[in-house]
Amino acid sequence: MKRLLAIILGTATLVGCSKNNFTLEGTLANYDKEVVYLQIGGGFDATPIVVEAKVKDGKFVAKANLSQPYSAVLLDTEEPDYSQGQPKYISLVVEPGTIVLNADWESGRINSATGSEQFALALEMERAAAPLMNEMQKLQADRTPENEAKIRELFAQYNDIEKEFTAKHPYCYTSVSKFSAYTSEKSVAEMEEYYNSLPAEVKEWKEAKEIIAAAELRRSLEPGNPAPVIGGTDINGNPFSLDQLKGSYILVDFWASWCRPCRASNPHVKELYEKYKDKGFEVVYVADDDSNEEAWRNAVEQDGLQEFHHILRGLKRTESGAYDRSNDQSDKYDVHYLPTKYLIDSDFNIIGKVDDQSLEEELKKAFGF
């Protein structure tokens, strides 16, 4: 089935209205197709808007209604086949107004772009980092230990360039979107301070709202707060809700069949369960295996975890290629890596995020031995 993209010949609307008119007037050298596709927005959990524009003598016009800046790409196909690798594209930042673009399709080089301050700043960052990115790409073709070390060194240099750019342009779209993408590495205080410093208009951007939402979620998960209720259909096909275990100490373990550190931790969890199960200790596993239930069931059996509670994360792939996170149980606990474990007390309040050692220490405090 064709991807469910909002496609209108030459025109599209993305969270905007007619007053926020955007036009891209483009010239593409070395482009031999009759149509070009401007893909706006999208990402891990969102379906992009795609504008189809006719190309004549290398020139095209694409229009959209935008309410803010967005990342965008020019593609030569409506539905890229990512199984065949990264498709050819030209990366842009678009915003309300008119952008005049001159680019070479074969090389991907942007010769000139006028009409957008946000796009100009994005190009400034891209050009500053280009030599490092090109060198890393060459080294990745031959992943020897020596080249791996060089890649890490180059990546550290890239981070320095990014930090310098962000410090110079803290409120531009590139900086805000990069901050939003890395909230898992920021403290609550850092997120709140950055969001509060943003101009009022920028606070309305999707990426800015994601930053403050991440801060609010993280704060809600601090020790002493009520535990978020997660649930779903368990491994035996029965309905399950975390709050049905209220009155017990509960370990919520976010894991996956393919996660080696997760599975290496399972024997320790089993050992602690045997020690404390008669005192009121329960274990709930939430697996990131929605795409492979057979692997999930096999891992539960292989690791001898049958006596615990098991549900899937609930992350679903949509027909558009994006992810439906409306039932994602991991999001409720701000899970960005595996394994992630939370311990909940008998009053159904969060004790905190734990690892193997701190889990053991907290259970000794709770049960006295």
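Guide: The link of Cys259 and Cys262 is right-handed, with 80° about the S-S bond. These two residues form a disulfide (a pair of cysteine sulfur atoms within 2.5 Å), and their sulfur atoms are 2.2 Å apart. The structure holds one disulfide. This is a predicted model, in which local features need pLDDT of at least 70 and side-chain atom pairs count only at pLDDT 80 or more, while totals for chains, interfaces and linings use all residues. Residues are numbered from 1 along each chain as its sequence is written, and side-chain values use heavy atoms, with hydrogens and water left out.

Cys259 has a relative accessible area of 5%, so it counts as buried (under 20% relative accessible area; exposed is over 50% and partly exposed lies in between, with a 1.4 Å probe and protein chains only). Cys262 is buried as well, at 1%. Another cysteine, Cys172, is buried at 3% relative accessibility.

Next come the helices. Helices (H or I, at least four residues) and strands (E, at least two) are DSSP runs, numbered from the N terminus. His268 lies in helix H7, residues 260-276. With a relative accessibility of 17%, His268 is buried. Apart from its neighbours within four places in sequence, His268 is in contact (heavy atoms within 4.5 Å) with Asp356 and Glu360. The C-alpha atoms of His268 and Leu359 are separated by 9.9 Å, although the two residues are 91 apart along the chain.

Two helix pairs can be described by their axes, which are lines fitted to C-alpha atoms, for helices over the stretch in contact; angles run from 0 to 180 degrees between N-to-C directions. Helix H1 (residues 117-140) and helix H2 (residues 145-168) have axes that come within 9 Å and cross at roughly 175°. H1 and H2 are therefore roughly antiparallel (over 145 degrees; under 35 is roughly parallel, 65 to 115 roughly perpendicular, and the rest oblique). Residues in their contact include Leu121, Met125 and Leu132 of H1, and Ile151, Leu154 and Phe165 of H2. By class, the contact of H1 with H2 has 14 nonpolar, three polar and five charged residues. Here Ala, Val, Leu, Ile, Met, Phe, Trp, Tyr, Cys and Pro count as nonpolar, Asp, Glu, Lys and Arg as charged, and the others, Gly among them, as polar.

In the second pair, helix H3 (residues 173-181) and helix H4 (residues 188-197) pack at about 155°, with axes 12 Å apart. H3 and H4 are therefore also roughly antiparallel. Ser175, Val176 and Phe179 of H3 meet Glu190, Met191 and Tyr194 of H4. That contact of H3 with H4 divides into four nonpolar, one polar and one charged residues.

The backbone remains. Most residues other than glycine have a negative phi, and most peptide bonds are trans. The peptide bond from Leu338 to Pro339 is cis, with omega near -5°, and Pro339 lies in the loop between strand E17 (323-324) and strand E18 (340-344). Phe348, in the loop between E18 and strand E19 (350-354), is not a glycine but has a positive phi of about 70°. Asp57 has a positive phi too, near 55°, and belongs to the loop between strand E5 (49-54) and strand E6 (59-66). Phe348 is buried, at 6%, whereas Asp57 is exposed, at 72%.
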